[in-house]
Amino acid sequence: MSGFAVSEAGIYVTGSTTSTDFPGTTGGARPQNAGGKDAFAALLTSDLKALTQATYFGGTDEDAASSMALFGGAYAVFVAGRTASHDLVGILDSAQPLNGDPVIRPVGQNTNDGFIAAFSADLKSLTQATYLGGRSSDSINAIAVSAGFVYATGETVSTDFPKTGGGAQEIHYPDGQSDAFVALLTSSLTTHVRATYLGGLGQDIAHAIAVSGPDVFVAGETTASSFPGTLGGLQPTSGGAADGFVARLNSSLANVIQASYVGASGVDRVLALGVGGSFFGPVVNVAGSFDTGGIAGPDAFLWVLRHDLKAFAESFPTANPAVRTLSAFYSFGSSDVATALAVPPSISGFNVYLAGEIPPSNADQPGAAQPRYGGGASDGFVDKLILVSDYSFSPLPTINVTPGGQGLATVTVNSLNGFTGEAVKLGIFAQPTGGALPAGFTAPGFPQDIGSLPPNGSFFFTLTIGVASTVTPGTYTLWIIGFPGTSVAHAARVTVNVVNTIPSTM
């Protein structure tokens, strides 16, 4: 398997198979293997106890899926990868209905093109498919779906990759090696909006992509010392024979806003990428294998960068030495590699989960689901990293108050990931960034110090809002802001309903 995605329907997985009896394909969009190796997609129940549906996808030559993403409506499940087939189904009226290489050769000798296929949520219908590539070898390694568009990235040797005009890098670097690429298509897969090369003098391969608002982040590996956009980045120059890279582009792919090398003196690769948010703002996580050139070989690593890719993300100050607060982590084992990461959709208690491959001769992990190495050439690993010691407010209060009166609400400050030892000062303001309260509003007892929070505990306080008789009835928004030490403030919305009569609670 090479990709998975989670939804309310269950767990979707994708990969490639040479099996002609793959389970669950009866009733699927493509119930039979079309020849040799085919891509597949499968839907399992969320408890992994049942296979709901599966489908093949491919032609008479070799087809392999590398990534998948979920959207909605008729175009619910997207699968992407590479294909050497010239007879894919579902490509009529697509963005690119033909393989980019017009020469059809015997099976096993054809050139790879990228492909994207869209299925219904139940995998029983193939909604649309398209090729993506030029005359030479092309491969899609990762896709992301956002705001009705599909973003694809990977590697290409083609000098005629479609739609690069107007892109950030219109021309393939003339060195005969692969460049990374990023492509933008409509979610219907009927229009190829734009593409761009991404590379320098050397080999460039993109392995991961993520979309965050107006920004597209791409990560991978490069041997180029002239990778575009690295000036001003966290690491503007290459560190060794091969480095990882991460690049930020605008959503139209017309500009590389910023890029950075990721590496040291050895051979380094970025294989996974995730954008997460915290009260510190959005951060970019990159992971893979990192080699400082020592005899031990490469190690798994995680870097946490600021959204602008110009520096490491700032970490939360904490008095608890058991909480990791750095923005770079290495050596989860010996000669291991991180191949995937996940960032939980939360702005509190900022954690990152890493997964990958680890060889024998690594220390036991007491208390883990599998504390010891299982045997064989290598084992998989999953690691939870607590990057930030944090705190949050709950619930976000709503206060009903009449003009000339006062309203009350109980608010809880929650300690997360061992947060302790920081004096928290609370204030009430008009905006999440500060500012005086609106005319006629008061907050008796604020600002106030609540001292240090107990580790993983809570503190309760009563918020009182006073409203003058001159305040016009309506709904107002105020903000509780907490300042722990010198850290960035945390803000929580307070809704104040100024009403002529307090609603009955009976």
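Which strand holds Asn250? I looked it up: Asn250 is in strand β15, residues 243–250. Strands here are DSSP runs marked E of at least two residues, numbered from the N terminus.

**Ground rules**

I am working with a predicted model, where local features need pLDDT of at least 70, side-chain atom pairs count only at pLDDT 80 or more, and totals for chains, interfaces and linings use all residues. Residues are numbered from 1 along each chain as its sequence is written, and side-chain values use heavy atoms, with hydrogens and water left out.

**Asn250**

Buried or exposed? Asn250 is buried, at a relative accessible area of 18%. The cut-offs are under 20% for buried and over 50% for exposed, with partly exposed in between, using a 1.4 Å probe and protein chains only.

Next I listed its contacts, meaning heavy atoms within 4.5 Å. Leaving out residues up to four places away in sequence, Asn250 touches Pro214, Val216, Asn255 and Ile257.

Strands count as paired if DSSP finds at least two bridges between them.

How many bridges link β15 and β16? Six, in the antiparallel sense. One pairing I noted: Gly244 has Val262 of β16 as its bridge partner.

I moved to the start of the chain numbering. Strand β1 (residues 3–7) runs antiparallel to β2, and five bridges join them. A hairpin connects β1 to β2 through two residues. Val6 has Ile11 of β2 as its bridge partner.

β2 also pairs antiparallel with strand β3 (residues 38–44), over seven bridges. Why call β2 largely enclosed? Seven of the eight residues of β2 (residues 10–17) are buried, so the rest of the structure largely encloses the strand.

**Aromatics**

Last, I searched the whole structure for aromatic pairs and got 14. Rings of Phe, Tyr and Trp (its six-membered ring) pair if their centres lie within 6.5 Å. Phe290, Phe301, Trp303 and Phe312 form one aromatic cluster.

Methods:
Helices (H or I, at least four residues) and strands (E, at least two) are DSSP runs, numbered from the N terminus. Rings of Phe, Tyr and Trp (its six-membered ring) pair if their centres lie within 6.5 Å; planes under 30 degrees apart count as stacked, over 60 as edge-to-face and the rest as tilted.
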